[in-house]
Amino acid sequence: MADKPSDEKILEGLAEIVEEVAGVSPDDVTPEKSFVDDLDIDSLSMVEIAVQAEDKFGVKIPDDELANLKTVGDAVKYVSAHV
Amino acid sequence: MSNVDVVITGIGATTPLGGTVSATWEALLAGANGIRANDADWVERYDLPARLSAPLAVDPSDVLPRVQARRLDRCEQIALIAAREAWADAGFELPSDEHTSVDPERLGVSIGTGIGGPVTLLDQDDILETQGLRKVSPLTVPMLMPNGPAAHVGIELRARAGVHSPASACASGAEGLASAYQMIQNGRADVVVAGGAEACIHPITVAGFAQSRTLSTRNDEPDRASRPFDTDRDGFVLGEGAGVLVLERADHAAARGARVYGRLAGYGMTSDAHHITGNHPDGIGQIKAIEHAVAMAGLTPADIGHVNAHATSTVVGDVGEAAAIRKALGEHVVLTAPKSSLGHLVGGAGAVESIFTVLSIYYGIIPATRNLEQLDPRVALDVVSGQPRKVELQAAINDSFGFGGHNVALAFTA
């Protein structure tokens with residue numbers, strides 16, 4: 001297992017996934033943004049993003065945890081704590 | 001006779017001949033062939049006897065934004081592309097929160113498909129089998145459902161008067177138009193975006209049609225394979241495509257000064273109650289569908305100058321249709337069979353071919369049937385071949401028939 005990624009690296013990786021799944025520019029994927037309200041990502045795309053994030057970072061994101069990840073920052077924090 | 005005039009104010013299509021109506025129509029008039037050798041690896045792998053197909057001329061994933069394309073089945077993609085073209089052609093703008101070209105409460109959608117998204121269904125089944133639940137797309141169900149094409153068009157155009165998706169196999173696109181006509185007649189809508197779409201070229205559909213012995217196996221001659229009404233026809237070629245028309249109350253269209261291509265003046269929809277794939281030997285259902293369309297339009301058989309035939313290039317089907325046309329309309333009508341150029345677009349066929357019927361009246365020209373070298377004597381009708389024929393038309397019929405015994409005839413007038 002590689003070294004634990006920095007928050008910057010996690011943010012960068014999430015931004016790549018969000019761009020792939022939802023077409024949001026990586027520059028717009030910043031910690032304070034809400035996935036639903038700011039980035040216009042629907043619940044179906046959130047499922048895809050979670051699956052890709054699990055694969056990319058080697059974490060598990062159960063559905064009840066996913067529901068709590070409102071902002072990009074929440075997701076970075078979750079991944080960082082579970083990686 | 002109908003009491004509300006329903007006119008056509010916009011048309012859109014993506015087909016094996018072109019990515020738009022104008023590209024398709026020009027290619028059709030030029031006698032182009034949309035049928036290709038199917039070089040997919042699975043043809044060899046499964047040793048499929050029918051090795052031809054009529055793929056789209058323009059890949060829809062090259063037309064739509066990447067993220068939108070990945071959320072849609074190919075059938076939904078092409079319905080949306082054709083609908084956008086028809087909508088813009090009608091002079092409408094895409095809706096925004098500030099502006100809608102048509103009152104959403106008065107706007108409907110009726111877009112049929114034969115099977116919807118079988119390719120998505122099978123792809124996702126493979127993923128479930130090989131990669132497990134986690135990798136199954138959360139979009140699987142909305143991508144495979146047969147109402148998906150109509151639903152996506154309805155969402156994009158903000159249609160709140162009702163979104164419908166008739167499924168009557170190869171008659172689905174025509175039934176989409178007939179249902180749209182009813183919506184306007186019933187007062188449910190002023191404008192209905194209507195038609196059909198199909199994109200199901202896949203090993204299982206080709207294998208299934210091949211096993212029902214309905215596909216051409218003229219594998220070495222893609223250019224000559226689809227030959228409706230010809231004595232040497234041996235089956236149809238599976239194609240993909242979508243056609244969408246904007247149907248509108250005539251007074252609504254007049255009030256906004258819209259360009260009018262023609263009228264959808266009546267329809268006939270009957271069912272054979274006979275056999276799941278074979279047409280009724282006496283053609284009763286086909287005859288009645290044509291007769292009903294003519295009567296609803298307030299016309300007589302003598303008024304109908306042209307039939308854009310369903311004619312798929314099967315041995316039995318083409319002769320049965322010709323007999324039904326002779327019985328319902330007489331021997332004066334001039335036929336053409338566009339599947340000779342396009343292949344069979346299944347749920348898209350009735351809509352795309354209705355666009356051709358409308359344009360034949362509008363421009364006064366009937367495209368030629370390709371590969372008609374020797375007319376089957378049992379057809380006994382005038383079928384345009386060689387070159388397109390210039391002819392002034394007041395009224396024409398489009399025929400569409402589907403597995404299940406569905407018969408739809410649409411009457412268009414100038």
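Reader: How many nonpolar, polar and charged residues are in the lining of the second largest cavity?

Author: This is a predicted model. The second largest cavity has a volume of about 50 Å³. Its lining includes B:Ser216, along with B:Leu52 and B:Phe236. By class, the count is 7 nonpolar, 1 polar and no charged residues.

Reader: Which helix gives the most to the lining of the largest cavity?

Author: The largest cavity holds about 80 Å³ of space. A:Leu14, A:Met46 and A:Tyr78 are among the residues that line it. By class, the lining has 12 nonpolar, no polar and no charged residues. With 4 residues, the top contributor is H2(A).

Reader: What is the area buried between chain A and chain B?

Author: The contact involves 14 residues of chain A and 8 residues of chain B. Carbon and sulfur atoms give 41% of the buried area. The total is about 990 Å².

Reader: Which residue of chain A meets B:Arg70 in a salt bridge?

Author: Between chain A and chain B the count is 7 salt bridges. In one of them, B:Arg70 is paired at 3.0 Å, N to O. The partner side chain is A:Glu48.

Reader: Which helix gives the most to the side of chain A that touches chain B?

Author: Across the interface, 10 residue pairs are in polar contact. Helix H1 (7-22) and helix H2 (43-57) of chain A each supply at least two residues of the side that touches chain B. With 8 residues, the top contributor is H2(A).

Definitions and conventions: Residues numbered from 1 in each chain as written. Chains lettered and ligands numbered in written order. Predicted model: local features only at pLDDT ≥ 70, side-chain atom pairs only at ≥ 80, totals over all residues. Heavy atoms only, no water. Contact = heavy atoms within 4.5 Å. Buried area = accessible area lost by both parts, 1.4 Å probe. Salt bridge = Lys/Arg side-chain N within 4 Å of Asp/Glu carboxyl O. Polar contact = N/O pair within 3.5 Å; in protein donor to acceptor, adjacent residues only side chain to side chain. 1 Å grid on protein atoms, 1.4 Å probe; cavity = no way out; pocket = protein on both sides within 12 Å on 5 of 7 lines; lining within 4 Å. Points joined across faces, edges and corners; volume = space filled by probe spheres on them. Nonpolar A, V, L, I, M, F, W, Y, C, P; charged D, E, K, R; others polar.
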